[in-house]
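Please keep the sequence and the structure in view while reading.

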Amino acid sequence: MADALSTCLLNGELIATREARVSPLDRAFLFGDAIYEVVPCYNGRPLRLDAHLDRLANSLEGLGMADPYPRARWRELFGKLLEANGNGDMGVYLQVTRGAGKGRDFLPPAGIEPTVFGFAWPLSPPSQAQLENGLTGVILEDIRWLRCDIKSTALLAAVLLRREAAERGGDEAILMRDGHLTEGSSSAVFLVKGNEIITPPASHERLPSITRQVVGDVLDELGLAVTEREVPTAELAEMDEAWISSATREALAITHLGDRPLGTGKPGPVWKRVYEGFQALKKRECGA
């Protein structure tokens, strides 16, 4: 991930990123009491902004927090943040915390005002090596909390899992719980076996991924059906293809699980069609 760009959003105002200040008593800092969104933008236009704002609202509701802005205000602030940073291709991070109290109390004080923060960074396309060789996934036990459908900023478990995957030479942690696939540490997972394309169903164990929906739309356009079902751990090594999808990595093939190749050990033909379709969708929706 590239460094943050020069202008950020803080409580409805655009300011220099280096000058942004948040109270150390903010509940996001003390408790992780906050939610976030990551929105990919191409050619200065966000991809599926309304879907991301819907998910943000659902996450806020899950934490018993009110949405700080109406939808029109969110769109206005989003546009201003993009313009202030030169538009182009970038990722945008939005975070809403419950706010700062006068001390540290598990019970939030009445009348607390939320903190709204956002920043952007340059979004780079996948490298040629990633496209030609794919990524390595490392299978790890899912140690995250049981409400992964809420996009909480309390991401310590995901940080530890991603770090362990990296120490084992992996690009992503592929997570298992109770003998079945949940998702990646920061991605949704798609699998191919023969003529079947598989992805795990929505549940509290998984984030309702917007990029997963985009990939689903691409598959629909290609006339390829998707089966939503639980995937036992033992099935993973038998798959012909796999790929992950996320806001900043789009859709990238997984060609190895640890030191063992998955399928042929190279990106497969279904993923290639999906990747090309994803680029075409970006162009249609964002002019990218």
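Arg 48 forms a salt bridge with Glu 285, and the closest N and O atoms of the two are 2.9 Å apart; a salt bridge here is a side-chain nitrogen of Lys or Arg within 4 Å of a carboxyl oxygen of Asp or Glu. Because Arg 48 lies in the loop between β4 and α2 while Glu 285 lies in helix α7 (residues 269-286), the pair ties together parts that are 237 residues apart in sequence. Helices (H or I, at least four residues) and strands (E, at least two) are DSSP runs, numbered from the N terminus.

The model is a predicted one, in which local features need pLDDT of at least 70 and side-chain atom pairs count only at pLDDT 80 or more, whereas totals for chains, interfaces and linings use all residues. Residues are numbered from 1 along each chain as its sequence is written, and side-chain values use heavy atoms, with hydrogens and water left out.

**Salt bridges**

By the rule given above, the count comes to 25 salt bridges. The table shows three of them, including the pair already described.

| Pair | N to O distance |
|---|---|
| Arg 48 and Glu 285 | 2.9 Å |
| Arg 71 and Asp 50 | 3.5 Å |
| Lys 282 and Glu 250 | 2.7 Å |

Lys 282 in helix α7 and Glu 250 in strand β14 (residues 250-257) are 32 residues apart, so that their pair links distant parts of the chain. Both Lys 282 and Glu 250 are buried, where buried means under 20% relative accessible area, exposed over 50%, and partly exposed in between (1.4 Å probe, protein chains only). Arg 48, by contrast, is partly exposed at 21%, and Glu 285 is partly exposed at 29%. Partly exposed as well are Arg 71, at 26% relative accessibility, and Asp 50, at 35%. Salt bridges that share partners join Asp 50, Asp 54, Arg 71 and Arg 75 into one network.

**Helix α2**

Just after α2, Gly 64 takes a positive phi of about 70°.

**Aromatic rings**

Rings of Phe, Tyr and Trp (its six-membered ring) pair if their centres lie within 6.5 Å, and planes under 30 degrees apart count as stacked, over 60 as edge-to-face and the rest as tilted. By this rule the count comes to 8 aromatic pairs. The rings of Phe 117 and Phe 119 have centres 5.8 Å apart and planes at 35°, so this pair is tilted. Phe 119 counts as buried at 15% relative accessibility. Phe 190 and Trp 243 form a stacked pair, with 5.5 Å from centre to centre and 15° between the planes. Since Phe 190 lies in strand β10 (residues 188-193) and Trp 243 in strand β13 (residues 241-246), this pair ties together parts 53 residues apart in sequence. Both Phe 190 and Trp 243 are buried. Ring pairs also link Tyr 36, Tyr 93, Phe 117, Phe 119 and Trp 121 into a cluster.
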